[in-house]
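Please work through each task before reading its solution.

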Amino acid sequence: KGKKNAREGCSLPEPSWEERLANAVTPLWRLPYHEQLQVKYESQRKILQTLSSHLEELGIDAQKPGGLCCPLQPVVPSPIINGYRNKSTFSVNRGPDGNPKTVGLYVGTGRARNIVCVKANHVENIPAKHKQVAQCYEEFICRSPLDSCILFHKGGHWRELVVRTTSCGHTMAIITFHPQELGQEALATQKALLKEFFTCGPGTICALTSLYFQESTMTRCSHEQAPYQLLHGEPHIFEELLGLKFRISPDAFFQVNTAGAEVLYQLAGELCQTTEDSILLDICCGTGTIGLSLAHRVSKVIGVEVVEKAIEDAKWNAAFNGISNCEFHSGKAEAVLPQLLASWEDARPLVAVVNPSRAGLHYRVVRAIRNCRSIRRLLYISCKPEGEAMRNFLELCCPPDPVKKLAGEPFVPVLAVPFDMFPHTVHCELVLLFTR
């Protein structure tokens, strides 16, 4: 009651913009790390309880000791707690001080019309190098006579900045620009000024390995929709993971926490229980990190990925590391996988690892996995298990359904291992092992 009265009397100060941003993007930042892990363990426990309840509704006896459908291990901690992100996306918008060319992260919502862009200098999961590049980009666009593009239909040009770094010391910057009505000559001038700033001007302090420019008229564009134009440096940056070297293109997926990914992939190899005779199916393989890191354990790796540039990287990565037992297929998993598995007659054991985006797996992908009798073991790695992935879990475990064309024997969840790939946030990577 005393606290309520204090608030009513306005005696408690409003949080600063820095605090608001930290609360928005790293809501656990005030907690000691061991308490963060406990919070995440409880959240993953609730997710498994939800899955258990849904399975019960399907007539599946999923209640094991502890009320969960499978054992839940403690959260595996991240080897690095601060500054672990190897990729950061910064927006350009009006800041709390009214500066329309503030480079930072959003606070507020579009629905409430209270969005402001706050500098991220204090955010604990973003490394110093990313903050440095963001500060230099802000300095450049503040010097520019061109406006920032806050709303597409109201004009303006300067937009997002993506910074990618690696443990090898490489830094890639990707700048998104709305061309509006500018002609090719005017665009060439802006690209030349940007290159000069980062190679000869104040931006040289960033020591960029790669500087990319993307002309985009949409909120998000793929390389196919709006090609990335290399203004300076190398076309790729390189990362080392579990003794292998990986090439990374501007839009290729790579786990955002490299040190955490090493621990995750090591455990994935143990859970897969592959033999030298096994074939590993790596679905949503990105640049091939999981498949290539486990290639020495199996007879063959088959990777599928929608981003064409990532598949190019995966093939390069395999060749560079002298790995010859991998094949990678470019295209949507729902189009490629059913064709791959429809006439599968290989007698060797087939183990599947899936690592989809937050949108989960397309139904046709789940159906192809269910209907391929050779797949007896499936490792599902999800960054949002409470979302669309939950639908996938139920589709994998439900009884055969002729209407849905789910003819194969159902899978059963046997083990859940949470990984803290995102310290200071509420997010957690959940690895669920299914067998049948």
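**Exercise 1.** Which kind of link do the side chains of Lys-309 and Glu-312 form?

*Solution.* The model is predicted: local features need pLDDT of at least 70, side-chain atom pairs count only at pLDDT 80 or more, and totals for chains, interfaces and linings use all residues. Residues are numbered from 1 along each chain as its sequence is written, and side-chain values use heavy atoms, leaving out hydrogens and water.

Step 1. Apply the criterion: a salt bridge is a side-chain nitrogen of Lys or Arg within 4 Å of a carboxyl oxygen of Asp or Glu. Lys-309 and Glu-312 meet in a salt bridge, at 3.7 Å from N to O.

Step 2. Locate the pair. Because Lys-309 and Glu-312 are three residues apart in helix α8 (residues 308–320), about one helical turn separates them. Helices are DSSP runs of H or I with at least four residues, strands are runs of E with at least two, and both are numbered from the N terminus.

**Exercise 2.** Determine where Asp-420 and Lys-40 lie, and whether they are buried or exposed.

*Solution.* Step 1. Asp-420 forms a salt bridge with Lys-40, with 2.5 Å between the closest N and O atoms.

Step 1. Asp-420 lies in the loop between β15 (412–419) and β16 (429–435) and Lys-40 in helix α3 (residues 33–57), so the pair ties together parts that are 380 residues apart in sequence.

Step 2. Both Asp-420 and Lys-40 are buried; buried means under 20% relative accessible area, exposed over 50%, and partly exposed in between (1.4 Å probe, protein chains only).
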